[in-house]
Amino acid sequence: MAGLQKKRIAIGGIMHETNTFSTVKTTVDLFKCYEWQVGEEIVDHHAEVNDYLGGMITKGHELGVELVPAFWANTNPTGLITRDAYRELIETLLNHISKTGKLDGICLALHGGGLAEGIDDLEGTILSEIRKMVGYGIPIVATLDLHANLTETMVKEADALFGVNFYPHTDCFARGQEALENLLKIINGELKPVMYVEKLPMMIASSTTDLPPAKEINELCWKWEEHPSVIDCTFFHGFCQTDIPDMRVSVLTMTNDDEELAREASKDVSRKIWELRDLFYIGYPNPGEGLEQALAVPGGPVVINEMSDNPGAGAPGDGTHLLKVLVERNIENSCFGFIYDPQTADLAHQAGCGNWITTLLGGKTDSLHGEPLRVKAYVKTLTDGRFVHTTQMYRGKKADLGKSARLQVGNVDIIVCSKRAQTFDEQIFKLHGIDVTQYKIVALKSENHFRSSFTPLAKKIIPVDSPGLSSYNLLNFQYRRVKRPVLPLDPV
């Protein structure tokens, strides 16, 4: 263990999932509004938190490694990262890595679905820039999101890549631990990783791994991992809201110095995906239909998730399709958490609790996600939007959604916040005095991450789809650059 204590490993990363159909450019201010941390700030914000960096920190301390925190930036999915933002991000990361002194390795938290203006492959570019600075004598390992669009550059420039297996991403912490531990093995000469990626001519929308077909595919990956020489086998769904040639489903297998075995595993899992391909393309009800289904369920709560306006996939989070149906139907014992509308939140704070406001709620980013709703609302609760996540995915992580309010419009409780985010757990409801277990209808904006917290609470979960930047129906998007033919756009 004394030898391990001498190993110096830099940790950090840049994370963004880029929706190329979004008109909201991603600026430095958006990163700084969410996560922009240097040096020990990284440890302060991620130690004992269930995320990638938390896993790296915990495993590093466990193995007696000297962790050298460099730079970490992360923000919610939006449109293309601007050229200026990219330049500041990469220069800051390289600058802080260069200041760390002699390193034995670098462990990064990346996404795999990032783009900047003029750059289709953010992660591959980041890895290439680091290589130019440190060379190929220092191993670099990175974690990736399940929705990564794998590229040859990523595989070439990284010694090892570890993607999460689950959606909801409840294994971020575990992947961070795995990345750090295997980086040490590479440094110590115990592991010579070889990676092989197989890409399929298909792209898929949001697919939970709690259920088939993704669940079956993961199980096959894990069966391959039982082989003593297979280090990792991961089914990457890809991020279907990025219109680039490399956007598609892929399988990445990593072995200990056995390229043929890596190829065999990736191709075997790919055959299974292709066999089950039709199961990925099913339809979902619109908000009105979903609400009718929910009302037919005895008891509650019934969770209705508006997957098409998921801020976690680059949608604006201020869409009104589902909320409009709730308000028009005036459903008793219903709540909506939450909608992004800083102007309305500010108006509620100016009015104060116990007063009424008239406002145009939501629909301020574009018309695709629905028009603003003119409502007269009673201001029930005002908060600062701050809480701590309890979801398995982000347990212990602090959240700050800015000025927030609980408005009552007829029978509907509506939470309004000043920062975009999807709903991960019930803490945003609790912050505003809402016990979701006592409601018949609980509506929220998310595709799958909410499931890790709401599945144990819900009588039933009903996803609904409507026009939006994270719609399940990929035929609604005008793809221009993705490599063709590809499912579901073409009969492959």
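User: What is the order of the strands in the open sheet of three strands?

Analyst: This is a predicted model, in which local features need pLDDT of at least 70, side-chain atom pairs count only at pLDDT 80 or more, and totals for chains, interfaces and linings use all residues. Residues are numbered from 1 along each chain as its sequence is written, and side-chain values use heavy atoms, with hydrogens and water left out. Strands are DSSP runs of E with at least two residues, helices are runs of H or I with at least four, and both are numbered from the N terminus. Two strands pair if DSSP finds at least two bridges between them. Here the order is 7-9-8, with antiparallel pairing. Strand 7 (193-199) and strand 8 (230-236) are the edge strands, each pairing on one side only.

User: How many bridges join strand 7 to strand 9?

Analyst: Seven bridges join strand 7 to strand 9 (residues 250-256). Lys199 has Ser250 in strand 9 as its bridge partner.

User: Why is helix 7 described as largely enclosed?

Analyst: Buried means under 20% relative accessible area, exposed over 50%, and partly exposed in between, with a 1.4 Å probe and protein chains only. Twelve of the 16 residues of helix 7 are buried, so the helix is largely enclosed by the rest of the structure. Among the buried residues are Phe173, Arg175, Glu178 and Leu184. Just after helix 7, Gly189 takes a positive phi of about 75 degrees.

User: Where is Ser418 found?

Analyst: Ser418 lies in the loop between strand 17 (412-417) and helix 13 (427-431). The Ser418 side chain reaches the backbone oxygen of Lys403 at 2.7 Å.

Terms used. Polar contact = N/O pair within 3.5 Å; in protein donor to acceptor, adjacent residues only side chain to side chain.
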